[in-house]
Amino acid sequence: MSGEDRVQRLIDDLETARADLFAALDRLEPASLTTPGLVGEWSARELIAHLGYWVGNTVETIHHVEDGRLEEIGQGEPSTDEMNATVARVARGTDLATVRKREAASVEALLERLRRLDPILLDVRLPDGSTLEAATDEDAGAHYREHADDLARAFEGRAAHD
């Protein structure tokens, strides 16, 4: 697969996985989107904020790679669990419409960045040993699919109790 095809696969995968996740969320009553416990302790609002944060983090990672500042990736940042907790806490105090706008802006920024990305950079190794391509997939398309699967399991559990 050419580098351009690999970039396009990342783009297509994110767009499809995101659409699938939001289609699943659309099955919920609007009032329940802010009720904790949908996915673990999180409401849909916190889940959307979580996904938007990690997509935005990927934009920053790409920026560091493009600038040749690999050593700065992840430096001085809180752990993943700490970051997830902070994002969830902030989301709980933010209205759903704002959370959705922020997530959409993060996704659009990533898509724009990917469209301009030199495909040769997909093979750059990050400090954690992953490639830029693998890290992008992990925090973009694969991440949305992971949480869409969480939602599917939550819906199955609810149906079994109804």
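This is a predicted model: local features need pLDDT of at least 70, side-chain atom pairs count only at pLDDT 80 or more; totals for chains, interfaces and linings use all residues.
Two or more lining residues are contributed by each of H2, H3 and helix H4 (96-116).

The largest pocket holds about 580 Å³ of space. Its lining is formed by 26 residues, with Trp54, Asn57, Thr80, Asp128 and Asp139 the closest to the centre. Helix H2 (44-66), helix H3 (80-92), helix H5 (132-139) and helix H6 (141-161) are the elements that supply two or more residues to this lining. The greatest contribution to the lining of the largest pocket comes from H2, which provides seven residues. Classified by residue type, the lining of the largest pocket contains twelve polar residues, together with seven nonpolar and seven charged ones.

Helix packing was examined for H1 and H5. Two packed helices are described by the angle between their axes and by the distance separating those axes. For helix H1 (residues 3-25) and H5, the angle is about 10° and the axes lie 10 Å apart. Angles under 35 degrees count as roughly parallel, and H1 and H5 are therefore roughly parallel to each other. On the H1 side, the contact is made by Arg6, Arg9, Leu10 and Asp13, and on the H5 side by Glu133, Thr136 and Asp137. By class, five charged residues take part in the contact of H1 with H5, along with one nonpolar and one polar residue.

Terms used:
Residues are numbered from 1 along each chain as its sequence is written. Side-chain values use heavy atoms; hydrogens and water are left out. On a 1 Å grid over the protein atoms alone, a cavity is a set of points where a 1.4 Å probe fits but cannot get out, and a pocket is an open set with protein on both sides within 12 Å along at least five of seven lines; lining residues have an atom within 4 Å of a point. Grid points are joined across faces, edges and corners, and a volume is the space filled by probe spheres set on the points. Helices (H or I, at least four residues) and strands (E, at least two) are DSSP runs, numbered from the N terminus. Ala, Val, Leu, Ile, Met, Phe, Trp, Tyr, Cys and Pro count as nonpolar, Asp, Glu, Lys and Arg as charged, and the others, Gly among them, as polar. Axes are lines fitted to C-alpha atoms, for helices over the stretch in contact, and angles run from 0 to 180 degrees between N-to-C directions. Angles under 35 degrees count as roughly parallel, over 145 as roughly antiparallel, 65 to 115 as roughly perpendicular and the rest as oblique. Contact means heavy atoms within 4.5 Å.
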